[in-house]
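Q: Let's go through this one from the inside out. Here it is.

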Amino acid sequence: MNTSTADASIFRDVRWIASPVVGGPRTSAPAPYLRKSFRLTSAPLRACLHVTALGCYQAEINGQSVHDTVFVPGWTDYRVRIPYQSYDVTNLLRGGDNALGAILGDGWYCGHIAEKDRQFYGDRPRFLARLEATLPDGQTFSLATDGSWKTTTGPILQSDLIMGESYDARLELGPWSSPAFDDSAWLPVRVEADPGVSLVAQTWPPVRRQEILPGRPCGQQNLPWAPKFHRFDLGQNITGRLRISVRGKRGTTLSLVHAEVLNPDGSLYTENLRSARATDHYTLRGGDAETWEPRFTFHGFRYAEIRWQGQSDDLEILSVEGIVLHSDTPRTGHFSCSHPLLNQLTHNILWGQKGNFLEVPTDCPQRDERLGWTGDAQVFIRTATFFMDVHGFFRKWLQDMRDAQGTAGDIPPVIPHTGSFGLPGDGGPAWADAAFICPWTIYQRYGDLDILRDHYDCMARYMAYLEKEKVLGFIRCHPEKDGWGGFGDWLALDGSGRIDGGTPKDLIGTAFYAHNADILAQTAKLLDHSDDASRWRALHQNIVQAFRNRFVTPDGLIAAGTQTAYVLALHFHLVPEVVRSVTARQLVRLIELNGWKLGTGFVGTPYLLHVLEATGHLDVAYRLLEQEAFPSWLFPVKNGATTIWERWDGWTPEKGFQDKGMNSFNHYAYGAVGDWMVSTVAGLEAAAPGYKEILFKPRPGGSLTHAEARLHTPHGETAIRWELKDQTLQLQLTVPQGTMATLSLPPGWSASKTSLEPGTHALQAVKG
Ligand code: BGC
């Protein structure tokens with residue numbers, strides 16, 4: 001159904017309504033059903049339903065669902081802004097009796113968020129709607145939520161994003177949103193106070209069901225004295241939920257338990273879910289086959305068990321399917337090459353994105369976390385913009401970020417800010433700096449200058465905050481300045497044994513501080529703030545100088561012997577040009593000393609291969625990319641991963657599973673290598689904002705004999721394919737209309753032309 005947007009003034013005088021039934025911080029309440037019958041003198045010419053909820057809604061008219069979207073109205077900081085949707089409902093209405101209704105789920109508004117108790121934003125879900133119809137006689141009909149609506153509860157006994165959903169089919173209400181339904185036993189709704197928060201039309205992609213994967217049986221238990229179970233494998237770690245079809249005895253309750261991986265004995269490994277119950281319950285109505293999919297919850301899982309008590313022949317499981325949910329960000333990019341494990345890695349990166357782009361860019365979809373972690377988002381954003389169109393998705397999240405910015409200018413570590421885990425107000429280096437990297441990347445990839453315009457003040461305010469609170473002599477997170485030094489090089493395996501790695505926090509902080517100043521100087525120039533531009537440029541130079549004084553020896557060594565320290569110094573151009581090659585060679589030495597393996601964490605990993613290639617060490621970059629031994633990108637792939645693991649050592653043969661307190665198997669951060677595979681292995685890069693100019697920069701290496709990348713840009717499809725054949729490089733290049741492209745060949749290679757007009761080109765490059 002089409003959605004259109006309308007001005008929020010349509011909600012003037014409309015009342016928020018809710019059920020009188022309410023849960024507590026630890027106890028949930030059944031999902032309320034709300035309804036209202038009304039008459040239309042004739043079928044409308046046009047009709048629009050404007051609707052929102054605090055919580056999630058499923059709206060119905062005359063027994064039919066109004067929308068195919070899930071978890072609407074979505075997640076923002078409801079204390080600051082509440083999104084709403086507008087649906088064209090002309091075809092759902094008719095002359096005569098009609099009914100409009102909604103089911104409300106707790107969602108982020110009053111269900112559990114991360115590790116927190118329920119009711120973070122409010123105590124119960126609320127609903128707000130206005131229906132407007134134009135009738136053939138020119139009259140307008142309008143209906144809005146008010147005290148005359150009726151409410152009851154039904155089969156959804158609990159609906160919680162973290163804990164799961166419980167549904168008792170014996171309590172189904174029948175055709176509750178049909179006009180003829182008798183609601184005389186329903187209660188009057190409670191009219192709630194207006195929260196006094198701005199309502200904004202949703203302009204970003206909503207969550208939808210995206211794919212359906214069949215669940216295949218992979219184990220069962222039929223012992224007479226124990227609960228029965230049937231175990232299923234979707235073959236893919238997903239974010240979503242199950243849809244089951246079963247036949248069985250009335251009153252039998254099934255528990256649907258979800259897990260990402262299996263223990264060595266084949267049982268579900270659920271310890272890493274922490275306090276997330278991630279379990280749904282379904283009580284059978286009995287009789288014919290019954291099909292059920294929860295409505296207001298999701299889980300991160302590949303395996304599931306359907307458990308129940310009773311005789312094993314009491315239950316027939318007819319089908320089990322995995323419903324994949326994520327924000328509706330259409331697929332735009334494809335990468336493949338001659339290396340099957342790298343193709344599986346690409347698959348895993350893409351599924352990491354699918355699994356974690358749900359309303360906000362989350363860290364993981366399974367445990368009691370699922371928060372909009374700023375660091376993870378900035379680490380992955382370049383890769384994300386290739387695989388899917390995430391323009392609208394990030395526009396929305398960057399608005400959330402502006403909403404979350406503290407009065408002092410601080411940017412929190414998670415957005416929307418929930419104050420989870422006692423987290424500080426400032427996200428710290430590489431986390432809060434998402435405020436610079438994300439809008440800058442969106443500008444580069446989609447040519448959207450407005451995103452920089454909208455975000456400029458936020459960036460400038462953050463820099464002022466740093467200057468005041470975190471910086472001493474242009475060094476950020478200076479140990480002699482009190483305060484939070486950030487998450488460090490999170491989950492690095494650099495030999496320090498620390499969860500935040502051994503790279504000093506002032507080094508990381510200052511490197512990103514310089515990068516921020518550089519982005520701001522470029523942004524100010526683009527926005528014609530020339531005074532500001534010079535100010536930020538001067539600041540950048542001062543930071544670079546301070547970095548050199550503190551962390552770079554005259555010979556070009558870095559005063560911290562971690563790969564990440566070298567990677568940052570090189571990637572952000574913080575070492576003098578004359579010693580750059582020395583710095584790079586030392587990085588290679590560190591990698592060699594580590595057995596030709598990486599040791600970087602969240603902070604260094606995205607830039608590692610870029611830096612090696614840019615400093616003439618493509619061979620080392622490929623060595624790391626193709627490394628199959630632990631730690632490496634291909635180690636999880638070799639061990640059956642279908643998504644990117646949170647930790648290099650999420651599981652190892654020697655130690656088994658990592659600490660259950662932090663061991664997600666669907667965290668996209670290390671998938672940031674996708675950006676290098678596309679831009680350097682295949683060789684496709686935006687040379688001007690929005691791919692107005694394209695750079696083809698293939699860098700064959702390692703054992704690869706061919707690679708290709710295709711991308712749907714705002715101008716049309718661009719593509720590169722290369723193949724090494726008889727000492728030549730065969731190239732096929734597609735340049736969209738209205739753009740131009742440049743071909744940059746590896747050193748020592750040449751081709752008949754390097755400047756390419758729109759169209760498709762077949763070229764041959766030769767050495768010498
Ligand atoms: C999250 C991360 C996040 C980190 C901060 C973790 O609990 O899952 O991905 O960036 O905390 O250090």
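Q: By class, what does the lining of the largest cavity have?
A: Nine nonpolar residues, three polar and one charged.

Q: What should I know about the model and the numbering?
A: It is a predicted model, where local features need pLDDT of at least 70 and side-chain atom pairs pLDDT 80 or more, while totals for chains, interfaces and linings use all residues. Residues are numbered from 1 along each chain as its sequence is written, and side-chain values use heavy atoms, with hydrogens and water left out.

Q: What counts as a cavity, and what as a pocket?
A: Both come from a 1 Å grid over the protein atoms alone: a cavity is a set of points where a 1.4 Å probe fits but cannot get out, and a pocket is an open set with protein on both sides within 12 Å along at least five of seven lines. Lining residues have an atom within 4 Å of a point. Grid points are joined across faces, edges and corners, and a volume is the space filled by probe spheres set on the points.

Q: How many cavities of 30 Å³ or more are there in the whole structure?
A: Four. The largest cavity holds about 90 Å³ of space. It has 13 lining residues, and those closest to its centre are Trp633, Pro636, Ile644, Trp645 and Trp648. The elements α2 (340–356) and α13 (634–638) give two or more residues each to that lining. Elements are DSSP runs numbered from the N terminus, with helices (H or I) of at least four residues and strands (E) of at least two.

Q: And the second largest cavity, what is its volume?
A: About 60 Å³. Among the residues lining it are Val21, Pro32, Asp106, Cys110, Arg118 and Arg124. The lining divides into seven nonpolar, one polar and four charged residues.

Q: How do its lining residues divide?
A: Into 20 nonpolar, 12 polar and eight charged. Domain 3 (333–682) and domain 4 (685–767) each contribute at least three residues to the lining of the largest pocket.

Q: Which domains is the chain divided into?
A: Domain 1 (8–204), domain 2 (209–327), domain 3 (333–682) and domain 4 (685–767). The bounds come from an automatic or database domain assignment. The C-alpha centres of domain 2 and domain 4 are 47 Å apart.

Q: Where does the second largest pocket lie?
A: Between domain 1 and domain 2, because both give residues to its lining. It has about 550 Å³ of space. The lining is made of 29 residues, and Glu60, Ile103, Tyr167, Glu293 and Arg295 are nearest the centre. β4 gives the largest share, three residues. By class that lining has 14 nonpolar, six polar and nine charged residues.

Q: OK, the ligand. Which residues are around it?
A: Asp363, Arg367, Glu369, Trp373, Asp376, Trp431, Phe487, Trp490, Phe602, Glu646 and His667. Each has a heavy atom within 4 Å of the ligand. This shell divides into five nonpolar, one polar and five charged residues.

Q: What distance separates a ligand oxygen from an N or O atom in the side chain of glutamate 369?
A: 2.7 Å. For tryptophan 431 the corresponding distance is 3.0 Å, and for histidine 667 it is 3.0 Å. The ligand on its own has 310 Å² of accessible area, and the protein covers 95% of that. Accessible areas use the Shrake-Rupley method with a 1.4 Å probe.

Q: Last topic, backbone. Which peptide bond into proline 416 is cis?
A: The one from isoleucine 415, with omega near 0°. Proline 416 sits in the loop between α4 (391–404) and α5. The bond from phenylalanine 630 to proline 631 is also cis, with omega near -5°, and proline 631 is in the loop between α12 (618–626) and α13.

Q: What is phi of asparagine 62 near?
A: 50°, a positive value in a residue other than glycine. Asparagine 62 is in the loop between β4 and β5 (64–65).

Conventions: Ala, Val, Leu, Ile, Met, Phe, Trp, Tyr, Cys and Pro count as nonpolar, Asp, Glu, Lys and Arg as charged, and the others, Gly among them, as polar. A polar contact is a pair of N or O atoms within 3.5 Å; within protein, one must be able to donate a hydrogen and the other to accept it, and residues adjacent in sequence count only if both atoms are side-chain atoms.
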